[in-house]
Amino acid sequence: MPTVEVGDLKDDDFLLDVREDDEWQAGHAEGALHIPISAFVARYGELTEAAPQDGRVHVICRSGGRSAQVTMYLVQQGIDAVNVDGGMQIWAATGRPVVTDEGNPGAVL
């Protein structure tokens, strides 16, 4: 499965967060698109509208399991997608900002 390390992500990389609503509300990467895995297939069109044409989709969850499932699905659909290894736990541990919808400091559940 295609994967990428958190440290290899650039600030302008397209990030898809597939965690559930409560996890997102607690804290997320600024600018990420949020589509929970539980609603992903039904909301797939939101991704295709938001994702950059011919660009890569970086899929993230808490630790990498759910994002791996979504990454595999996207690859099967012909989308250039990669799983963010270690997820939001590593994101936060490496000092990357985690924010709430209001822009306040957030936390990873």
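Which residues form one aromatic cluster? In this predicted model, the cluster consists of Phe 40, Tyr 44 and Tyr 73. The legends below describe close-up views.

**View 1. Aromatic cluster of Phe 40, Tyr 44 and Tyr 73.** The structure holds three aromatic pairs. One of them joins Phe 40 and Tyr 44 in an edge-to-face arrangement, with 6.1 Å centre to centre and 75° between the planes. Phe 40 and Tyr 44 are both buried.

**View 2. Edge-to-face pair of Phe 40 and Tyr 73.** The ring centres of Phe 40 and Tyr 73 are 6.0 Å apart and the planes stand at 90°, so this pair is edge-to-face. Phe 40 belongs to the loop between strand 3 (33–34) and helix 2 (44–50), whereas Tyr 73 belongs to helix 3 (residues 65–76); the pair therefore ties together parts that are 33 residues apart in sequence. Phe 40 has a relative accessible area of 3% and is buried, whereas Tyr 73, at 26% relative accessibility, counts as partly exposed.

**View 3. Arg 96 over the face of Trp 91.** Arg 96 is placed at 5.0 Å from the ring centre of Trp 91. Trp 91 also belongs to the lining of the largest pocket, which is the subject of the next view.

**View 4. The largest pocket and its lining.** The volume of this pocket is about 220 Å³. Its lining comprises 14 residues, among which Lys 10, Asp 11, Ala 29, Glu 30 and Trp 91 lie nearest the centre of the pocket. Seven nonpolar, six charged and one polar residue make up the lining by class.

Terms used
Residues are numbered from 1 along each chain as its sequence is written. This is a predicted model: local features need pLDDT of at least 70, side-chain atom pairs count only at pLDDT 80 or more; totals for chains, interfaces and linings use all residues. Side-chain values use heavy atoms; hydrogens and water are left out. On a 1 Å grid over the protein atoms alone, a cavity is a set of points where a 1.4 Å probe fits but cannot get out, and a pocket is an open set with protein on both sides within 12 Å along at least five of seven lines; lining residues have an atom within 4 Å of a point. Grid points are joined across faces, edges and corners, and a volume is the space filled by probe spheres set on the points. Ala, Val, Leu, Ile, Met, Phe, Trp, Tyr, Cys and Pro count as nonpolar, Asp, Glu, Lys and Arg as charged, and the others, Gly among them, as polar. Rings of Phe, Tyr and Trp (its six-membered ring) pair if their centres lie within 6.5 Å; planes under 30 degrees apart count as stacked, over 60 as edge-to-face and the rest as tilted. Buried means under 20% relative accessible area, exposed over 50%, partly exposed in between (1.4 Å probe, protein chains only). Helices (H or I, at least four residues) and strands (E, at least two) are DSSP runs, numbered from the N terminus. A charge sits over a ring if NZ of Lys or CZ of Arg is within 6 Å of the ring centre and within 35 degrees of the ring normal.
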